[in-house]
Amino acid sequence: MKIIVCVKKVPDTESKIKIAADGKSIETGELKYIMNPYDEFSVEEALQLKEKQGGEVVVLCLGGDAEKEIRSALAMGADSAVYLEDPGYNGDNYATAKTLADYLKGQSFDLLLFGKVAVDDGAAAIGPMVAELLGLPSLSAVETLSYEAGKFVGHMGVEGGTNIVELPVPCVLTAEKGLNVPRYPSVMGIMKAKKKPLEKKPTKTALPKFTIVKLQSPPPRPPGKIVGKGVEAVPQLVDLLRNEAKVI
Amino acid sequence: MANVVVYVEQRLGKLRSVAYEAVSAGRRLADSLGGGQVVAVALGKDRLPELADLGAYGADKVVAGAHDLFAQYSAEAYALALGKVARAADAHYVLAPASAEGKDFIPRVAIKLDAGYMADVTAISVENGTVHITRPIYAGKAFNVMHSADTPQVATLRPKLFAAVKSREGAQAPIEDLGAIDAGGIKAVFKEFKMTGGGQLDVTEANIIVTGGRGLGKGENFSVLEPLAAVLKAAIGASRAAVDAGWIEHSHQVGQTGKVVTPSLYIACGISGAIQHLAGMSNSKVIVAINNNADAPIFQVADYGIVGDLFEVVPALTAELKKFMD
């Protein structure tokens, strides 16, 4: 089975986000970067499928200065990587999907995996968009997955339950948290990762359809109050929720 | 002038509340651009009886795909249907809820229309005919205000943020049939919908959320929160610590690597207030924190706090609420 797993470099979720002086971007100087946490689930799933079915796992990444994040996927056990390197990567959904699809059109694979969502952008768009561009079926937010004889059966998390869908290969899936427990790279894995093939292809990401007018901070919250200590404070809290906040 | 096509989501034989929110948002958008047709699209096995009522919320007509092909969720079939209506209606904007299904198939619609796509939109504003679409980034630690000179534009709307308003009280929208779509290329096959959690309310749809964190101590102690959630008709949420400890499923997780929520009332019990958790809930209208550590960061963002033992405070709160709520 040939599996391509798409990974993204994102700022660590600990990061404090500050709007830059131009008002249209964030300050990046102090940011630490990691592979998108949801991509760990897709890399792990690919590795488990390879262990059961045989085959290869190829990591694909579009972005700039992302070699460390790609190597971390190789350290988990992926076989090789293709790095569409664009230092000016714009992060736009439409542009990203077009650029990835342009590369993937020339590739054959059984499964294309993405993390459900990137924690920086939060759109969860790329998997379905690439699938549409390639004419493939897709399923997002997969919590449980099985494979047999050329078909995947995925459980997609929806409000109040799961949609269980069968997809023939080749198909596109996006991984939800809980799909598996990602392995930590071993020391041996980290060493081997340095020698695994990482093909760099200089890439110019397609043009975005949307432009940023400005960035806004979340509206500030007025200061709150400690109503009191322990059970004695409960009647007053209920009174405030009913009569001051009027939420109950 | 702008035509807006709106997807109205249904589940288990009923339109979901996000359907009315989306139609209302579509009507407001069209009106602020000088008018235009708002066309709702409903897909399912049968025509739901409430479709004509969408007229009161501003739909000029409803296109109904009532067909076995749409009886169950299918990203490919739904995208084909919505793409067909958007082209026929000469849509400038296509709106849908940022629900789980919306986030799965609407991006495919954007590609079909060669349109820009904005996901999980929190505001749409129009100034001098220029449309600005606002959406959160970094789980709401900041917001992008975006603009595109191209149309059509496709957007999914965050649930509960766009008011469902009957701007045309009493109006009934005419309903027309979607007609045929070429389903030959559809490859994925829907097998079954499995209800989980006994039909518990999802955190993204709840008006009130009661959340438990590490302070609960163990998984069984979520039972302390259940009577409180029941009296408030609230959804149960969880911090990442509680989910990672295996105390509750990930579907309850609120935070940067879980769900972002916008309830009117958020009650955080035994939650310290890590930056990633705040990113998921700081857009709540009113936040209450119950924690026995007066220095917990959650108190910085809470409107009301009680410093105390949640195992005493939560039952007391439940009892106090029962006095007038039951």
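Where in chain A is the place of A:Asp65? Look in the loop between strand E4 (56-63) and helix H2 (67-76) of chain A. Keep in mind as you explore that this is a predicted model. A:Asp65 isn't a glycine, and yet its phi is positive, at about 55°. Here's the background: most residues other than glycine have a negative phi, and most peptide bonds are trans. With a relative accessibility of 65%, A:Asp65 counts as exposed.

You'll find B:Asn128 in the loop between strand E8 (123-127) and strand E9 (130-137) of chain B, and its relative accessible area of 81% makes it exposed.

Now for the peptide bonds. Going from A:Val169 to A:Pro170, the bond is cis, with omega near -5°. A:Pro170 belongs to the loop between strand E9 (161-168) and strand E10 (171-175) of chain A. Over in chain B, B:Thr151 and B:Pro152 are joined by a cis peptide bond too, with omega about 0°. B:Pro152 is part of the loop between strand E10 (142-147) and strand E11 (153-157) of chain B.

Next, see how a helix from each chain meets the other. Helix H4 (residues 126-134) of chain A and helix H4 (residues 100-112) of chain B have axes that come within 8 Å and cross at roughly 45°. Angles between 35 and 65 degrees count as oblique, so H4(A) and H4(B) are oblique to each other. Their crossing is right-handed. Among the residues making the contact are A:Pro128 and A:Met129 of H4(A), and B:Asp104 and B:Pro107 of H4(B). Sort the contact residues by type and you get 7 nonpolar, no polar and 5 charged.

Let's zoom in on B:Asp104, which sits in helix H4 of chain B. Is B:Asp104 buried or exposed? It's buried, with a relative accessible area of 0%. Leaving aside residues up to four places away in sequence, B:Asp104 touches A:Pro128, A:Leu139, A:Ser140, A:Met156, B:Tyr73 and B:Ala75. B:Glu76 is 28 residues from B:Asp104 along the chain, and their C-alpha atoms are separated by 9.9 Å.

Finally, the cysteines. The structure holds 0 disulfides over all chains. For A:Cys6, the nearest cysteine sulfur is that of A:Cys61, 7.1 Å away. A:Cys6 is buried, at 7% relative accessible area. The sulfur of A:Cys171 is 15 Å from the closest cysteine sulfur, in A:Cys6, which is too far for a bond. A:Cys171 is buried as well, with a relative accessible area of 0%.

Definitions and conventions: Residues numbered from 1 in each chain as written. Chains lettered and ligands numbered in written order. Predicted model: local features only at pLDDT ≥ 70, side-chain atom pairs only at ≥ 80, totals over all residues. Heavy atoms only, no water. Axes fitted to C-alpha atoms, helices over the stretch in contact; angles between N-to-C directions. Helix = DSSP H or I, 4+ residues; strand = E, 2+ residues; numbered from the N terminus. Parallel < 35°, antiparallel > 145°, perpendicular 65-115°, else oblique. Left-handed = near helix turned anticlockwise from the far one by under 90°. Contact = heavy atoms within 4.5 Å. Nonpolar A, V, L, I, M, F, W, Y, C, P; charged D, E, K, R; others polar. Disulfide = S-S within 2.5 Å. Buried < 20%, exposed > 50% of the residue type's maximum accessible area, 1.4 Å probe, protein only.
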